[in-house]
Amino acid sequence: MARIHNLGFPRIGAQRELKFAQEKHWKGALSHGELQALGAELRQQNWRRQSALDLVPVGDFAFYDQVLDASFLLGNVPARARAGEGEPLDAYFRVARGRAAGDTDGGVAAGEMTKWFDTNYHYIVPELSVETSFRLDASRLLAQLAEARKTGVAAKPVIIGPVTYLWLGKAKDGSDRLSLLPKLLPVYRELLATLAREGVDWVQIDEPALVTELSPVWQQAYKTAYEALKGAGSKLLLATYFGRLGENLELATSLPVDGIHLDAVSARGEVHALLSSLPEGRVLSLGVVSGRNIWKADLGKALDYLEPIAQQLGDRLWLAPSCSHLHVPVDLANEQKLDPELRSWLAFAQQKLEELQVLGKALNQCRAAVQEALNHNAAAIHSRRTSARVNNPRVQAAVQGLSSELGQRKSRYQARAAVQAKAFKLPQFPTTTIGSFPQTPEIRRARSEYRAGKLEEAQYELQMRAEIERAVREQEKLGLDVLVHGEAERNDMVEYFGEQLQGYAFSELGWVQSYGSRCVKPPILFGDISRPSPMTVGWTRYAQSLTQRPMKGMLTGPVTILNWSFVRDDQPRSASCYQLALAIREEVQDLEKAGVRVIQIDEAALREGLPLRRAEWQEYLKWAVDSFRIAANGVADETQIHTHMCYSEFNDIIESIAAMDADVITIETSRSDMELLDAFDRFEYPNEIGPGVYDIHSPNVPTEQQIVELMTKAAKKVPPQRLWVNPDCGLKTRNWDEVLPALQNMVSAAKRLRAQLA
């Protein structure tokens, strides 16, 4: 009989309980014990939700990040975190968030953060060097294992595999990460032996690096690692996800493990190749419902290809989601306001488990045993496929009529730069921010009351205008050169726009974790996209009326809106992106008509949409860059176009970044100590750039000297006359008490730089 299991479940709670508890704890309003108790309750809830499965994941819960958990499990804790100081979670959060300087020290720098493969989840990068050592600390995992057993579930511990762990890390001293493998493998052997002594039958060992293009030395590392782990303890299910194995398929099947998990949503074409090369007796786990999107699976179609496999493998066939459910909301049952027809097309984490159970029952008994569920599923699939709400012939015709001229500025950058310099008269090292200012409790309360109908539109607008004026006045007092309106009216940089575009829908509680306590509620892109009316012009025009300084219009770019949405899967992503580009282009042109001469189009998620295989990059980059250019380039030379990218390694796509032809690009560099600018050693980036100097994801306030040092490093890579000074990202998650001194230090640093490097 086919077995049903899960790779991981959302840890934030259906009501974001973990987020609110984390933030209270960081403010000192919740004790360590209370936070631990809340974590235990969330784990219990998750295990109860999964109790009908044959195997349930344990160790997928984290108070901040699963990769950071792996670092602590393996004893790879940066010395600056002082692991023996304070409560057990203190060192953990010091690495995750950093710590502001106190009376006796200079603070603790947060660990570097970057995107988890091609998702919008961020992980804390393992810090490695030639001196790195490892020591097992399985206390948290063993405690969770004991908790799970008390609930009666069949526990399957989940750990990150040794090769993927090193692949995710960064060697701060430039050393070879793989040179650490001989030190690391004994710790993994010890862990597997420990779990076996605890009676664990199966361990899920995640190796998603296997779906990337690996050099021969990394391929050999897999052979070395798993030969060393053979017979160490519990049986191993090697889990891959997010893509196809490609040339690594033979490697994966040759490893001495007891089972292999394949993402059969992303790599459906590899199922039979993997099946044919699967060694005798090996388990094949197929991820047959998407762990990354929220559309119902076509269960009938899935059964058509699963039934022959089930007959061949019997109980060696396991069914699972494609990847962990970390990337989808918890439970569709909480959504009471969604349109019923649209709701019938969706499945969140809880519903995906139910889909798996239907498939399992159909395979283990017969389709007739679940015929009613299959009929409901087929009706929903048909409804979505034929709905007139999904397809807009006018929008489709506009995309078909796209021409290359839409993506061209009137003049090249050098000519535009001269025109803009004359128009704006900005000083060298001009200062600005990325867009948002603190979202205070008052702002959130007003927005909530307005949405609930408790606050009249006129009153709401007055409150938002007061917040905009506050942001403008604070920026003027600080002496910033290019201002922003602060985005008080915006709940989220994607949702705000999606709410005003046709073809989008929104959940109430469809939250997913982005990093730590940061949760996002991705819009649901279900149909063709169009813009009925201007979305930002009124707020930006008002902000510009308050000051003589340049005011940036703030937009989210088409690629980021696409990548941070739950996107329809019934047409190519490129088609949806071009539709978004045309809608944003209309907004850009309306801003320009309203007198806004600086317009920022954020493409924070450009890189995360890259296919995991380099051979497929150019196809994606072609339509992604074209979409940005279509959105941005219908303006006069005097209008300065900015874009922003955060927490993305982009050195290997620098040519495509340059091809976007934004007048100014701002990027994250403070956590990486300006390492992201290494690309400019080999590539002369032609336009202006603002390397972020204020890590807004940490409570630390950077000093003037720290900012000067970072910008001095940047000036060695980029000519000073083309450098801007700005934070890494928007400031909505910080409070004014942190923001004002940080920005004051930033402005003071810019003045010093003008004197030193002019």
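1. In helix α25, the buried residues are Ile707, Val708, Leu710, Met711, Ala714 and Ala715. Seen down the axis of α25, these buried residues fall within an arc of 165°, so they line one face of the helix. They pack against two other elements, namely β22 (688-691) and α26 (736-757). Please keep in mind while reading that this is a predicted model.

2. The length of α25 can also be checked by simple reasoning. This helix has twelve residues (704-715), which at 1.5 Å a residue should span 16 Å, and because its end C-alpha atoms are 16 Å apart, the expectation and the model agree.

3. Where they meet, Glu17, Leu18, Ala21, Gln22 and His25 of α1 face His32, Leu35, Leu38 and Leu42 of α2 in contact.

4. The sheet considered here is open and is formed by three strands in the order β13-β16-β18, with mixed pairing. Its edge strands, β13 (502-505) and β18 (566-567), each pair on one side only. Strand β16 (residues 524-530) runs parallel to β18 and is joined to β18 by two bridges, and leucine 525 stands opposite valine 567 in β18.

5. Helix α22 (residues 573-593) packs on this sheet, where it touches β13, β16 and β18, and its direction makes about 55° with that of β16.

How values were computed
Residues are numbered from 1 along each chain as its sequence is written. This is a predicted model: local features need pLDDT of at least 70, side-chain atom pairs count only at pLDDT 80 or more; totals for chains, interfaces and linings use all residues. Side-chain values use heavy atoms; hydrogens and water are left out. Two strands pair if DSSP finds at least two bridges between them. Helices (H or I, at least four residues) and strands (E, at least two) are DSSP runs, numbered from the N terminus. Contact means heavy atoms within 4.5 Å. Axes are lines fitted to C-alpha atoms, for helices over the stretch in contact, and angles run from 0 to 180 degrees between N-to-C directions. The expected span of a helix is 1.5 Å times one less than its number of residues. Buried means under 20% relative accessible area, exposed over 50%, partly exposed in between (1.4 Å probe, protein chains only). The arc is that of the directions from the helix axis to the C-beta atoms.
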